[in-house]
Amino acid sequence: MFEYAPAPESRDIVDIKPSYGLFINGEFVDGHGESFKSINPASEETLAEIACAAPQDVDRAVHAARQAYDAVWSGLPGRERAKYLFRIARIIQERSRELAVLESIDNGKPIRESRDVDLPLVAAHFFYYAGWADKLAYAGFRRSPTDGAGGGADPRPIGVAGQVIPWNFPLLMLAWKIAPALACGNTVVLKPAETTPLTALAFADICRQADLPPGVVNIITGAGETGQALVAHPDVDKVAFTGSTDVGRQIARSVARTGKRLTLELGGKAANVIFDDAPLDQAIEGIVNGIFFNQGHVCCAGSRLLVQESVAEELLGRLKSRMATLRIGDPLDKNTDIGAINSAAQLEKIRMLSEIGEREGAARWSPPCELPSRGFWFAPTLFTDVAQSHRIAREEIFGPVLSVLTFRTPAEAVEKANNTPYGLSAGVWTEKGSRILWMAERLRAGVVWANTFNKFDPAAPFGGYKESGFGREGGRHGLAAYLDV
Ligand code: NAD
Ligand code: MN
């Protein structure tokens, strides 16, 4: 066996300032809350001091977004809005190396992923929705009939969008939120997660570079309280949230009876279903990608592996050999497969649920691997002898932990796959096309991948059933969340 030589990406390309303000009305301003630090989860080093938006700052940001909506943005023809979005997309491409390095430093994800997955998709989302901005009249939507004056006419924007996003794909979730909102003529106030604010703040700089009119995009940093103040603000017309189901419930309660529009993208516990005729080596790659991509911090992660009994032993043998080749460590090393867990709190949650898995009687396995001494790390982990009642089979772990169950018949596979409060995604591996269609029809999941997993495209809608939330992001469907239809 040859050893890998270290292949670190240089971090010289990023210029992290010692402190950051809130981006309101095109300027960086101080916040009135207590500032906090963002750290590098791979080293625990402090990266920057971040301003915290108190209620008066949230109010100021929403006010700026309202003014920009009324005075400029909602009145611009779609083709003019498109120019700004195309410009932003191009700047993202030009600065993609810088943004990828910054994302890996602040989040802990491997540079190979931020460089090859996150950033290309971020740019692609802006390009995709830029293309829609001047074609909204042809997207198949009509103004809501309750709108007395214009029922049936071309759709209009909703107004000011308050958007709250998580830490697992900081810049990509920003793109999913901001690109369709702006394309449709809305203005936004976005709050990134408190552990990963830096790329959103770099995006604020990109908005200035693109000469976006002040107030169209406002970025406010802070933790849950800031998010709460934003979604509860009376002058916000539309709320979009991605994150945990618990917080999603709180937001739904806070928005109920206000007339605000709401879309929620919450958790998942996806089944990745392997039939005995599946190409096993390909399936192994799909399983590994499904649960170990982004340290398993993925709402659509394939965290429940359902294997047909006749191939279970062979598949698990091959999966273990493959897992033993995964390289954990420095996120900036181009050879790294698994980076750092995003925060001490998330690491604690993964540890706790894994210990519960053992206590409840499942068999735990990890390949031998050395973890760095500083930072937050968790070895790729496999549980067998898992029962459907076990917490590791029911709860979202949001880490590199796979629970394996078996089945005998397709009907049993469907039954087990759907036996979850969630319904975001699923995977099916089989040679038979008819079985793929049969399964896809029965799986209660927003996305069903066939002989692949974790494939994303801005043209494809994404979203959940049941406790995974409602509303779709991406594609033509994603426009509906930002139009008064
Ligand atoms: P979270 O839901 O608490 O945080 C997501 C975002 O919501 C952050 O920006 C946070 O500041 C904000 N927020 C927190 N409380 C809020 C409130 N009351 N009102 C408005 N905004 C609020 O998620 P977390 O604590 O970072 O992670 C916990 C769990 O959530 C994870 O273990 C995972 O299971 C799940 N999660 C899911 C996704 C997803 O993409 N579906 C993303 C992140 C986390
Ligand atoms: Mn951080």
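The model is predicted. The protein chain is divided into domain 1 (19–265 + 466–484) and domain 2 (271–450). Both domains give residues to the shell around ligand 1, so ligand 1 lies between them.

**Domains**
- The C-alpha centres of domain 1 and domain 2 are 30 Å apart.
- At their contact, 20 residues of domain 1 meet 25 residues of domain 2.
- On the side of domain 1 that touches domain 2, α3 (96–107) and α4 (111–132) each supply at least two residues.
- That side of domain 1 has six nonpolar, seven polar and seven charged residues.

**Ligand 1**
- There are 27 residues around ligand 1, and G224, G227, G243, S244 and C299 come nearest.
- Two or more shell residues come from each of α7 (224–232), α8 (245–255) and α11 (344–359).
- Helix α7 gives the most, with four residues.
- The shell divides into twelve nonpolar, ten polar and five charged residues.

**Helix α9**
- Helix α9 (residues 280–292) has 13 residues, which at 1.5 Å a residue should span 18 Å. Its end C-alpha atoms are 18 Å apart, so the two values agree.
- Buried residues in α9 are A283, I284, G286, I287, V288, G290, I291 and F292.
- The cover over these buried residues includes strands β11 (271–274), β12 (304–308), β15 (401–407) and β16 (425–429), along with helix α10 (309–323).
- Just after α9, N294 takes a positive phi of about 55°.

Technical notes
Residues numbered from 1 in each chain as written. Chains lettered and ligands numbered in written order. Predicted model: local features only at pLDDT ≥ 70, side-chain atom pairs only at ≥ 80, totals over all residues. Near = placed C-beta within 6 Å. Nonpolar A, V, L, I, M, F, W, Y, C, P; charged D, E, K, R; others polar. Domains from an automatic or database assignment. Expected span 1.5 Å × (residues − 1). Buried ≥ 20, exposed ≤ 12 C-beta atoms within 10 Å, placed from the backbone. Contact = placed C-beta atoms within 7 Å.
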